[in-house]
Amino acid sequence: MNEITIYTDGACSGNPGKGGWGAILIYAKEEKYLSGSNQLTTNNQMELTATIEALKAIVKPHNIALYTDSQYVKNGINSWIFNWKKNGWKTANKKPVANKDLWIELDKYVKIHSVKWFWVKGHSGDHYNEIADQLAVNAMNELC
């Protein structure tokens, strides 16, 4: 099974405010660009949405290398989510987990695929991270 590479990013003007997300799916030599927006959202919600929408776009189970510049997404899905689920979706401080609905949806798609997670520093010249960022910003800016 060939690996699909994904790059995701989210953007937000105000936090909360209008936001956008972008994702690039790379398979063999083909690239697919995805993006969307939300009128009232947060940066973390857009980062999660980019990742969810990218994984949702892949119909059959695949090996995936997923690159994000969001430590929130990478640490949340690789580490924090296990305790959140064990503790009834409460944080270590016994507070409700922010963006629970998005985390549940992401967890569902992560179980379908075999995902390896990679963090890239945002705005540091990584070619595909820069494209994902531009997709997110463009989607956000299309909102009135």
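Me: How many bridges join strand S1 to strand S4?
Reply: In this predicted model, local features need pLDDT of at least 70, side-chain atom pairs count only at pLDDT 80 or more, and totals for chains, interfaces and linings use all residues. Residues are numbered from 1 along each chain as its sequence is written, and side-chain values use heavy atoms, with hydrogens and water left out. Strands are DSSP runs (E, at least two residues; helices are H or I, at least four), numbered from the N terminus, and two of them pair if DSSP finds at least two bridges between them. S1 (residues 3–14) and S4 (residues 63–68) run parallel, and the number of bridges joining them is 6.

Me: Which residue in S4 is the bridge partner of Glu3?
Reply: Glu3 has its bridge partner in S4. That partner is Asn63.

Me: Which strands stand at the edges of the sheet?
Reply: The sheet is open and mixed in pairing, with its 5 strands in the order S3-S2-S1-S4-S5. Two of these strands each have a single partner, so one side of each is left without a neighbour in the sheet. They are S3 (30–41) and S5 (114–119).

Me: Is Trp119 buried, partly exposed or exposed?
Reply: Trp119 lies in strand S5. Buried means under 20% relative accessible area, exposed over 50%, and partly exposed in between (1.4 Å probe, protein chains only). At a relative accessible area of 39%, Trp119 is partly exposed.

Me: What separates the C-alpha atoms of Trp119 and Tyr7?
Reply: Along the chain, Trp119 and Tyr7 are 112 residues apart. The separation of their C-alpha atoms is 9.9 Å.
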